[in-house]
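Please open the structure in your viewer and keep the selection tool at hand.

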Amino acid sequence: MDDELRGAIRASFLAQLPDDAVAALVEGAARFEVPAGPLAPYRGPGQVAYAAIRLVAVGLLRVVRIVPDGRTITQRYIRPGELGGIAGAFLIPGTRNTGRADALMHSVYYHFRADLWRQTAERDARVGVALLTELSRIAELSMELMANRALASMRQRVVGQLLDSAIYGDGVDPIAPVTQQQLADGVGSAREVVARVLHELREEKLVETRIGSVVLLEPERLRSELDVS
């Protein structure tokens with residue numbers, strides 16, 4: 001285990017577990033350093049896709065859910081010392097996966113073996129309880145985010161749609177490739193209403209509008225408006 005992984009573990013809920021339990025979970029961990037953009041699915045021997053349990057060491061990841069028409073909604077953000085994908089270790093094989101993870105900046109994360117995590121949880125109650133506790137925390141955060149979106153102001157709904165649609169790249173401002181009409185359809189409102197919100201955001205220098213897209217000049221300030229934990 002390298003120092004970077006040790007530091008990420010100390011910042012995570014795994015720090016509550018005894019050393020022997022942590023050692024069992026991190027066996028075979030793989031380190032990935034990635035630029036901003038969608039994360040490629042992890043594939044093991046024989047190119048079989050595996051559930052992705054990731055611990056972020058550096059940067060910021062975003063987990064989104066995708067609906068059949070291609071629209072996305074943010075489920076959560078994963079910061080250094082946080083993990084994503086734990087539930088995948090306990091899903092029935094063949095369960096449809098509607099999720100995707102994006103790196104919102106240059107990031108480093110560690111990928112763990114989902115089959116090993118399940119086996120360890122089955123034989124070690126300490127690990128099982130720790131994973132259940134963390135999954136409960138993540139579920140509560142996800143429900144809070146959904147509630148915030150459902151009860152959000154029109155400005156918050158537009159900001160949320162922009163953040164969900166944004167494409168990130170290192171060294172450039174994220175861009176949401178959407179028209180005013182697409183934004184209006186996404187938030188369930190009229191184009192004129194969305195245009196007024198975009199005008200406010202432009203006046204505050206939070207976004208810049210172009211034909212067919214919106215540039216997010218201050219993505220962190222925009223995220224703060226959604227009260228996302």
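A residue is called buried when its relative accessible area is under 20%, exposed when it is over 50%, and partly exposed in between (1.4 Å probe, protein chains only). The model is a predicted one, in which local features need pLDDT of at least 70 and side-chain atom pairs count only at pLDDT 80 or more, while totals for chains, interfaces and linings use all residues. Residues are numbered from 1 along each chain as its sequence is written, and side-chain values use heavy atoms, with hydrogens and water left out.

Begin by selecting Asp 124, which is buried at 13% relative accessibility. Its partner is Arg 126: the two form a salt bridge (a side-chain nitrogen of Lys or Arg within 4 Å of a carboxyl oxygen of Asp or Glu), with the closest N and O atoms 2.7 Å apart. Arg 126 itself is partly exposed, at 37%.

Next, select Arg 113 and Asp 115, whose side chains meet in a salt bridge of 3.0 Å, N to O. Arg 113 is partly exposed at 36%, and Asp 115 is partly exposed at 32%.

Then move to Arg 62 and Asp 102, which are joined by a salt bridge of 2.7 Å, N to O. Arg 62 belongs to strand S4 (residues 61–66) and Asp 102 to strand S7 (residues 99–103), so the pair ties together parts 40 residues apart in sequence. Strands here are DSSP runs (E, at least two residues), numbered from the N terminus. Arg 62 is buried at 1%, and Asp 102 is buried at 4%.

Finally, select Arg 155, Glu 200, Glu 204 and Glu 225, which a network of salt bridges links. The whole structure holds 16 salt bridges.

Note on methods
Helix = DSSP H or I, 4+ residues; strand = E, 2+ residues; numbered from the N terminus.
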